[in-house]
Amino acid sequence: MTEQAELSALLTETRRFPPPAAFAAQANAQPGIYERAHEDPRAFWAEQAARLTWAKPWDQVLDWQPPFAKWFVGGRLNVAVNCVDRHVEAGNGERVAYHWIGEPEGDTRDITYAQLKAMVGQATNALIELGVRKGDRVAIYMPMIPETVVAMLACARLGAPHTVVFGGFSADALRSRIIDCDAHIVITADGGYRRGTATALKPAVDAAIANLPEVQTVLVVRRTGQDIAWDEARDHWWHEVVERQSEDHTAEAHDSEHPLYVMYTSGTTAKPKGILHTTGGYLTHVSATHQLVFDLKPEQDVFWTAADIGWVTGHSYIVYGPLANGATSVLYEGTPDAGGRDRWWRIISELKVSILYTAPTTIRTFMKWGEDLPAGHDLSSLRLLGSVGEPINPEAWMWYRKHIGGDRCQIVDTWWQTETGGIMITPLPGITATKPGSAMTPFPGVGAEVLDNEGKPVDNGGAGFLVLTEPWPGMLRGIWGDPERYRQTYWSRFDGLYFAGDGAKRDADGDLWLLGRVDDVMNISGHRISTTEVESALVSHPAVAEAAVVGANDAITGQGIVAFVTVKGSVAQDADSGVALIAELREHVATQIGKIARPRQILLTPDLPKTRSGKIMRRLLRDVAEHRELGDVTTLADPTVVNMIDEKMRTAEDEEA
Ligand code: WT7
């Protein structure tokens, strides 16, 4: 479908997929749930919190001093006990918590809840021996292996907030996060497997903490066995320190508002924000949404969130939500094409996966690879499919339903953010009649609205800014070390309302369609990257004078990064040196931020389009990058500049083709 056709399909979408009666009859979400939550949201959330095990019950459900919330005030609980110990105590110790699948074929481990409890006990004791105390921050930079989950749970058990940094981020990105949250210990691995080769992680840690004497301890899991540099005073092997510990650790119950973790995410400035999540409210939110949105039946389901633990999706729906609910999950280390492009479908048929949760970008990649691959495998165990991370186009939704879901599975398109902690806008399986491409309605107890520029709710059929109108238990409690930025970023655009940074539309029925970011944040394969962050990485290169970055439509990744760069006068420029410089700049961004931020395309240009006050007109550059008619150029200081760039872009692309 062309973009135009898709857009009009979106505006006129009439397909409806009501839940099959048999599904509805057995669903966790039963009629009346929306009304009940709407009448008394706090009572609804309290009911959800009561599904957890509290060492001391709360005195007050919510203390709301906008924009600062405290949930389940006075309550005490331990997240690791809720995620692990209580399932063992309830007699479910033999249930598999994770079917772990390493990237190399045959490299698998099943870990039961009883085994997980023992591993977490040992890791907690090891952290104590290494000097970690309640409140200390612990950085985790790991591949997708069971020890990553164990490390997180050991931190949670101790009350030492973790900050997991995605393994694809560079040493520089890791360093800035370690410094920002002042972590004195890093847990890592020698490396991991990616597309058939062992990639290195420990060297990046060494580089990240060079001349950072505060970091006194590095705990290293041996995953690949590759040679790595070793600092006797600082580095410790996991198998030496952790595996000799006692499996018993008596957990302390922490305050409901005790920090659980910090997750860094890109905003509109060059510096990522440390999003803070706390204990009781967060666990309530992720466990409730996991149970209701995925209809999780812990005795029967095999649940698979195919995301990396280094992102919030992994935190909430690989680790905390599923474990709190006693689920059996798949934990897969590799890429979708490792060991063949049908790797996922083999995993699903072998493990009888019943619920799959992934991003539209992956679905579109599978579409490109062709429906014969899934068709060659028995996917009949699947009963529910989820989507997250970016708007899902109706065509991808329909393909997902037909070729993966066998026209039988319900689809839940779930909108949320790092900041919200858990799912906020979503259908409820068994209740909602879904529409391809719509996230439909707020989760019970959640308040969402679409506002126009003046802050007035739009009518059905209108579009505007998405805001959240009520506090929710999984909400961020702030930005690590920067309360003012918290207020400024999320609570100042519309007074007293949470500004999500997304555009949204209400259709004729009032259902919600997410339209993408309205700020300078790009969404590349479901990952958030700020234009400013990439621009400042580019400008830090000695040859670059100025850079402007935009997210341009991309058929597979949703958006792709396109950079317009002017070089310093002293830099020689001919065709060959231009090609070499572009390659160098792409690598430079990868080193500064990570491979995910490497621009799809860089155009060297003598000038950038600016307003008379000197502001770069990114809107016009987006028109150029997306091959559209140029928008209004009248506010430009020199309107010829953008035509020149447009011309240059076309020539560059003709040459590439
Ligand atoms: C941004 C948040 C949610 C975990 C993964 C991303 C976009 C997310 C959807 C969806 C349309 C979506 C939004 C949001 N987004 N889910 N179902 N439909 N857009 O977390 O990195 O914090 O990014 O992802 O633009 O603001 P994140």
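Predicted model: local features only at pLDDT ≥ 70, side-chain atom pairs only at ≥ 80, totals over all residues.
Student: What is the average pLDDT of the protein?

Tutor: The average is 95, and 98% of the residues score at least 70. Here pLDDT is the predictor's confidence in each residue, from 0 to 100.

Student: Where is confidence lowest, and where is it highest?

Tutor: Helix α1 (residues 3–12) is lowest with a mean of 54, while helix α7 (residues 146–158) is highest at 99. Over residues 1–5 the pLDDT is below 50, and this stretch has 4 contacts in the model beyond near neighbours in sequence. A contact means heavy atoms within 4.5 Å. Helices (H or I, at least four residues) and strands (E, at least two) are DSSP runs, numbered from the N terminus.

Student: Turning to helix α14, why is it described as largely enclosed?

Tutor: Helix α14 (residues 360–369) is largely enclosed by the rest of the structure because 8 of its 10 residues are buried. Buried means under 20% relative accessible area, exposed means over 50%, and partly exposed lies in between (1.4 Å probe, protein chains only).

Student: Which residues of α14 are buried, and what do they pack against?

Tutor: The buried residues are P360, T361, T362, I363, R364, T365, F366 and W369. Their packing partners are α13 (343–351), β18 (355–358), α15 (372–375), β19 (384–388), α16 and β29 (558–567).

Student: What follows α14?

Tutor: G370 follows α14, and its phi is positive, near 100°.

Student: Now the aromatic rings: how many pairs are found?

Tutor: A search of the whole structure finds 36 aromatic pairs. Rings of Phe, Tyr and Trp (its six-membered ring) pair if their centres lie within 6.5 Å; planes under 30 degrees apart count as stacked, over 60 as edge-to-face and the rest as tilted. One of the pairs is F44 with W45, which is edge-to-face at 5.3 Å centre to centre and 65° between the planes. Both F44 and W45 are buried.

Student: Why is the pair of F366 and W369 edge-to-face?

Tutor: The planes of F366 and W369 are at 70° and the ring centres 5.6 Å apart, so the pair is edge-to-face. F366 and W369 lie in helix α14, 3 residues apart, about one turn of the helix. The relative accessible area of F366 is 5%, and that of W369 is 17%.

Student: Which residues form an aromatic cluster?

Tutor: W64, F68, W472, Y486, Y490, W491 and Y498 form one cluster.

Student: And R401, which helix is it in, and is it buried or exposed?

Tutor: R401 is in helix α16 (residues 394–404), and R401 is buried at a relative accessible area of 14%.

Student: What does the side chain of R401 reach?

Tutor: The side chain of R401 reaches the backbone oxygen of D407 at 2.9 Å. Leaving aside neighbours within four places in sequence, R401 is in contact with F17, G406, D407, C409 and I411.

Conventions: Residues numbered from 1 in each chain as written. Heavy atoms only, no water. Polar contact = N/O pair within 3.5 Å; in protein donor to acceptor, adjacent residues only side chain to side chain.
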